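Trainee: I'd like to learn how to read a model like this one, feature by feature. Could you walk me through it?

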Amino acid sequence: MNKEHLVIFDTTLRDGEQSPGASMTREEKVRIALMLEKMRVDVIEAGFAIASEGDFEAVKAVAAAVKDSTVCSLSRAMEADIRRAAEALQPAASGRIHTFIATSPIHMKYKLQMQPDQVVEQAVKAVRLARNLMDDVEFSCEDAGRSEIDFLCRIVEAAIAAGARTINIPDTVGYAIPELYAEQIRQLIERVPNSDQAIFSVHCHNDLGLAVANSLAAVQAGARQVECTINGLGERAGNAALEEIVMAVRTRPDVFSVETRIEPVHIVPTSRLVSTVTGFPVQPNKAIVGKNAFAHESGIHQDGVLKHRETYEIMKAQDVGWHTNAIVLGKHSGRNAFRTRLQELGISFATEQELNNAFILFKQLADKKHEIYDEDLQALVTDTRAAAAAEHVQLVAMEVQSKTGETPLAQVVLNVEGQEQNAQAEGSGPVDAVYKAIESVISSGASLELYSVNAITSGTDSQGEVTVRLARGGRIVNGLGADTDIVIASAKAYINALNALQTSVERTHPQGTGI
Ligand code: KIV
Ligand code: ZN
């Protein structure tokens, strides 16, 4: 059977970034975008260009770096947003403006305070302007899941007539149920007279845990684009997980008459990168990318898999990028091997100096830990970049005393804007003591929202990766740190979060009351 193409639209860098604390730097976005491109994602939504100067620069940098995927920027149905999106997308080999306005009675009345006629008029104006600036325009009906079908038909027809090539029907609040959502898509395709001139797209949130089920039901009803994110990251309970959509379509060709162009072998490394960058761990039992997704604990299952893999496995772990912790590099690996492996992981450095700095740290790590895995390399690069970007505070040295029956004591030396400062403090544990010592110098006024430690690989010589989330004045930032010594990793993570707090700026939320 000739299969139709299902467009995979990844919005990890936009909707994913709307999860509190998941904001990403420009460099991090480029790194993730290059992995998505390697995975052969069709469209990468890189951000919301008008949100801030940083968001604009990030969309622009992704547009310049990516060649094989279309790069997209979100914009409200407003002139300034659309022009800013077009400007950020200027360097793109293939760019898309994604403009949206809310269409549900509740959003139109309370959020927009507009009449339905005005909403249609604004949508048409926005799509026309976008089409004057770029060929590829997507229009979304925000909160379509709770919108009236007659009004949806009307606004969708008008948007297509104005030049939208993709029509997105988001279930913004995760309210949809598969059967009903599929029926909504089916009706739109049937009733809108010019529906054949656009691709219908879905964008489902996971508030009821139905984002993937709703998206797949919509595909069965004729949707040919799915908007999704790596690890299901996204606003509130998240979006439909890319890895689940892609593998469902691939594993059940008997059910789906579509195929994607995704190369699934890049799924696990990309999942790991997104988790490292955002500090959002992947739950162990998460489908496809959780560490237990292919683990067989029970004796009966293990026995079955050994006799014939397909008794209990519907997919091959290797197909989605799991490999049994292959040792990639060690103490004697040279710079070329280091550079080549990083390139294979989608990591490149802007300057030779940056590569040299990372190589020095790699050698230091290899002295402490003989077997260096991909996960170690990814953590090392994230850590080096955060430290290099640290303009405000740097860790110079630290010492911690921790003895049975005694109160732990930490001494830290920090470089704060060029000035060395010493501090010491006691704490309930070594990490608590270090954080108190740092705070006695910085007095950040931030509250600690999350502290988590994960072993990057297995074994007691594994690096510990620490995530710290700090909040201050409504802003939430993450800091990551990795080291074979988890107290040092904790200090690095805390300092990286303090630096992020210092540099993070106010951003406009796309779905706020901006219109
Ligand atoms: O959930 C939503 O409605 C969105 C739109 C802006 C597409 O993210
Ligand atoms: Zn969304």
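This is a predicted model: local features need pLDDT of at least 70, side-chain atom pairs count only at pLDDT 80 or more; totals for chains, interfaces and linings use all residues.

Trainee: What radius of gyration would a compact globule with 515 residues have, and what does the chain have?

Mentor: The radius of gyration is taken over C-alpha atoms, and the globule rule is 2.2 Å times the number of residues to the power 0.38. For 515 residues the rule gives a value near 24 Å, and the chain has 24 Å, so the two agree. Along the principal axes, the C-alpha atoms fill a box of roughly 75 × 60 × 45 Å.

Trainee: How many helices and strands does the chain have?

Mentor: Helices (H or I, at least four residues) and strands (E, at least two) are DSSP runs, numbered from the N terminus. Here you get 16 helices and 16 strands.

Trainee: And what percentage of the 515 residues is buried?

Mentor: Buried means under 20% relative accessible area, exposed over 50%, and partly exposed in between, with a 1.4 Å probe and protein chains only. In this chain, buried residues make up 55%.

Trainee: Is strand 5 buried or exposed?

Mentor: Strand 5 (residues 95-102) has 8 of its 8 residues buried, so the rest of the structure largely encloses it. Look at both faces: G95, I97, T99 and I101 are buried on one side, and R96, H98, F100 and A102 on the other.

Trainee: Which strands pair with strand 5?

Mentor: Two strands pair if DSSP finds at least two bridges between them. Strand 4 (residues 70-76) runs parallel to strand 5, joined by 6 bridges, and S75 has T99 as its bridge partner. Strand 6 (residues 137-142) also pairs with strand 5 in the parallel sense, over 6 bridges, with A102 opposite E142.

Trainee: What coordinates the zinc ion (ligand 2)?

Mentor: Donors are N, O and S atoms within 2.8 Å of the metal (3.2 Å for Na, K and Ca); water is not among the atoms, so sites may look incomplete. Here D15 (OD), H203 (NE2) and H205 (NE2) coordinate the zinc ion at 2.0 to 2.1 Å. Their spacing in sequence is D-x187-H-x1-H, and both H203 and H205 are buried.

Trainee: What does helix 8 pack against?

Mentor: Contact means heavy atoms within 4.5 Å. Helix 8 (residues 211-220) has 8 of its 10 residues buried, including V212, L216 and V219. The buried residues of helix 8 pack against several elements, among them strand 7 (166-171), helix 7 (178-191) and strand 8 (199-204). Just after helix 8, G222 takes a positive phi of about 120°.

Conventions:
Residues are numbered from 1 along each chain as its sequence is written. Chains are lettered from A and ligands numbered from 1 in the order in which they are written. Side-chain values use heavy atoms; hydrogens and water are left out.
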